[in-house]
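Please keep the sequence and the structure in view while reading.

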Amino acid sequence: MKFDISCLQPKEQASFALRALYEAAGCRKYHMGRFEEYGLYQENRSFLSSEQVITFTDLDGRLLALKPDVTLSIAKTAQPAPGETLRYYYHENVYRPSAESHTFKEIGQMGLEMLGDVGEVQVRQAVSLAAQSLEQLGQPWVLEVSHMGYLFGLLDVLDVPEASRAALLAKLKAKNLHELKAAASAAGLDEAGADALAGLMSLCGSCEDVLPRVEAACRNERMEAAAAELKAITEELAGAGGSIRLDMTLAGEMEYYNGLVFQGYLESLPRPVLKGGRYDLLMQKFTPGAGAIGFAVYLDELDRLGAPLPPVQQQKTEKTMLNVALPKGRLGDKVYDLLAGIGYGCPEDYNATRKLVVENPAAGIRYFLVKPSDVAIYVEHGAADVGIVGKDILTEASADVYELLDTGLGKCRMCVAAPADYKDDPSRPVRVATKFVNIAKSYYASIGRDIDIIKLNGSIELAPILGLSDVIVDIVETGTTLRENGLRVVTEFMPISARFIANKASYQFKHREMDEMLEKLRAALAAKEEKK
Ligand code: PRP
């Protein structure tokens with residue numbers, strides 16, 4: 001019987017196609033074992049997506065790890081000679097923690113690395129192979145390109161201290177303009193500096209539109225060199241088959257890279273399937289003077305490739321539908337009224353039915369009515385394109401989404417509260433009852449106080465009354481619940497309001513629709529504010 005490749009899973013088919021592509025480009029397969037010395041990860045933590053690694057002691061007492069990453073091992077062992085460029089590809093499994101399953105996951109990766117003499121030619125070849133890898137996967141694709149030199153060049157001009165950079169990168173990475181300004185001011189920037197940083201947010205879109213603005217906004221040689229490289233790369237990629245987008249906030253994702261960075265998305269998949277960039281500084285730790293560029297394709301993400309969209313998510317008309325995760329309840333009603341007022345209403349009253357999906361194909365809008373605490377999950381997983389969620393839930397879930405707007409709706413505060421006569425006893429940990437375990441842990445870690453957490457799902461105020469806990473960490477809106485139960489606010493530490501969030505992959509393919517909704521929302525909220 002003849003072997004039929006189409007009976008293989010999408011990721012298996014992809015691995016054959018990518019192997020052929022990389023071999024034809026002159027890359028050699030690099031095979032390695034599953035284990036690596038743990039010290040390698042300890043010394044290069046910033047290169048890993050998580051510091052959590054599975055470790056074990058070898059028979060001779062060495063501390064080993066199940067590989068969380070392939071690039072580090074190749075960079076360590078490759079040893080290119082001066083003037084030599086090594087071109088490798090690999091197909092390996094890595095082991096990383098998964099927040100969803102609360103355990104480690106085995107992740108299949110196929111990737112490519114160029115090490116040693118890495119100049120313009122090699123960079124072009126690597127990025128072009130990244131684009132060709134996406135093209136092999138047979139779906140419409142987007143390659144987002146950015147440059148660390150551009151971002152760091154601007155941070156240099158603005159004199160941003162090293163210690164403040166991570167906080168700013170986090171806001172850029174989430175496209176969180178509303179909190180970027182406060183973070184900039186906390187980093188010591190004046191208004192002009194904060195505006196310059198905020199300007200990076202608008203440098204996102206097609207090359208024709210964004211590149212001239214990227215060039216015009218350069219303020220030093222580092223930024224100019226980065227812009228020139230971006231121009232050369234986008235020219236190289238013209239005609240690659242997919243859509244090439246520039247996004248100067250992408251650099252926030254990838255602090256360990258030092259030059260060009262890029263990320264690839266396929267239509268219908270909710271997360272990036274390819275990530276890469278230039279990492280000379282890491283390479284130079286192992287081989288002085290050497291450069292490096294590479295990327296990885298996340299094969300497991302391809303599992304859902306080609307699966308038909310559930311009927312409820314399919315297009316009904318030519319108009320692209322935006323799928324909105326709407327929190328059921330009071331906040332959802334406020335948000336829906338706002339959206340209906342700017343042209344996103346539905347003929348059907350969702351409050352009058354038990355239906356969980358209502359839509360208006362003519363307006364290109366579809367609502368999924370979900371529990372408020374689940375909004376971020378639907379959006380992060382791409383089941384909905386956008387959603388509206390309280391900052392409390394978003395922070396607790398650490399959802400990897402864009403946080404595009406603070407709607408100012410549903411305002412309240414995250415507080416520590418306790419019985420009126422409560423006094424902290426420093427001789428033992430504080431017993432904290434809460435729904436927001438992660439928020440409570442990180443607040444108490446920030447003040448250096450040891451705690452015992454008691455996770456509850458509601459009616460938190462009961463816990464200290466019954467002696468189950470000393471304090472609670474919870475949201476306070478009017479303060480009525482606290483008052484009526486004899487509790488008082490000890491500390492307020494996080495202002496909360498509803499945020500408009502977006503799935504990162506959906507944003508690549510439906511950015512026009514999302515930007516339009518965002519602009520209308522901004523205008524409606526500003527008009528509402530003016531009326532007050
Ligand atoms: C929230 C929160 C407080 C209350 C605060 O509870 O957990 O209990 O609202 O509001 P207030 O300051 O205006 O009194 P929610 O209604 O979500 O119910 P829950 O107790 O089940 O969490």
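Two residues are said to be in contact, or to touch, when their heavy atoms lie within 4.5 Å. The model discussed here is predicted.

Aspartate 303 touches Gln9, Pro10 and Lys11, leaving aside residues up to four places away in sequence. Its place is in the loop between strand S12 (291-298) and S13. With a relative accessible area of 43%, aspartate 303 is partly exposed. The C-alpha atom of aspartate 303 is separated by 34 Å from that of leucine 200, and the two residues are 103 residues apart along the chain.

Serine 98 belongs to strand S5 (residues 85-98). This serine is buried, at a relative accessible area of 10%. When residues up to four places away in sequence are not counted, serine 98 touches Thr103, Phe104 and Lys105.

How many of the eight residues of S12 are buried? The count is eight of eight, so the strand is largely enclosed by the rest of the structure. In a regular strand, side chains alternate between the two faces of the sheet. Both faces of S12 are covered: Gly291, Ile293, Phe295 and Val297 are buried on one side, and Ala292, Gly294, Ala296 and Tyr298 are buried on the other.

Strand S6 (residues 103-116) runs antiparallel to S12 and is joined to it by eight bridges. Within this pairing, glycine 111 stands opposite alanine 296 in S12. Strand S11 (residues 274-278) also pairs with S12 in the antiparallel sense, over five bridges. Here arginine 278 has isoleucine 293 of S12 as its bridge partner.

## The three-stranded sheet

An open sheet is formed by three strands in the order S2-S4-S3, with antiparallel pairing. Strand S2 (35-37) and strand S3 (55-57) are at the edges; each has a single partner strand, so one side of each is left without a neighbour in the sheet. On average, neighbouring strands of this sheet are turned by 40 degrees against each other, direction ignored.

S2 and strand S4 (residues 63-66) run antiparallel and are joined by three bridges. Glutamate 37 stands opposite leucine 64 in S4.

## The six-stranded sheet

Six strands form another open sheet, in the order S14-S15-S13-S16-S23-S17, and their pairing is mixed. Strand S14 (357-360) and strand S17 (402-406) are the edge strands, each pairing on one side only.

Strand S13 (residues 322-327) pairs with strand S15 (residues 365-370) in the parallel sense, over six bridges. Asparagine 323 stands opposite arginine 366 in S15. Helix H19 (residues 511-531) packs on the sheet and touches S13, S15, strand S16 (386-390), S17 and strand S23 (498-502). The direction of H19 makes about 25 degrees with that of S17.

## Nonpolar cores

The largest nonpolar core has 101 residues, of which Tyr22, Leu143, Val145 and Leu197 touch the most other members. Helix H4 (residues 120-136) gives the largest share of this core, seven residues. Why does the core lie between domain 1 (1-132 + 279-307) and domain 2 (140-267)? Both domains give residues to the core, so it lies between them.

Leucine 143 touches Val127, Ala131, Leu134, Leu237, Ser243, Ile244, Arg245, Phe262, Gln263, Gly264 and Leu274, not counting residues up to four places away in sequence. A second, separate core of 33 residues includes Leu322, Leu326, Tyr336 and Leu405.

## Cysteines

A disulfide is a covalent bond between the sulfur atoms of two cysteines. With a cut-off of 2.5 Å between cysteine sulfur atoms, the count of disulfides comes to zero. Cysteine 412 is in no disulfide, and the nearest cysteine sulfur, that of cysteine 415, is 8.7 Å away.

Is cysteine 412 buried or exposed? At 12% relative accessibility, cysteine 412 counts as buried, because the limit for a buried residue is under 20% relative accessible area. Cysteine 27 is also buried, with a relative accessible area of 3%.

Conventions. Residues are numbered from 1 along each chain as its sequence is written. This is a predicted model: local features need pLDDT of at least 70, side-chain atom pairs count only at pLDDT 80 or more; totals for chains, interfaces and linings use all residues. Side-chain values use heavy atoms; hydrogens and water are left out. Two strands pair if DSSP finds at least two bridges between them. Helices (H or I, at least four residues) and strands (E, at least two) are DSSP runs, numbered from the N terminus. Axes are lines fitted to C-alpha atoms, for helices over the stretch in contact, and angles run from 0 to 180 degrees between N-to-C directions. Buried means under 20% relative accessible area, exposed over 50%, partly exposed in between (1.4 Å probe, protein chains only). A nonpolar core is a set of buried Ala, Val, Leu, Ile, Met, Phe, Trp, Tyr and Cys residues joined through side-chain atoms within 4.5 Å. Domain bounds come from an automatic or database domain assignment.
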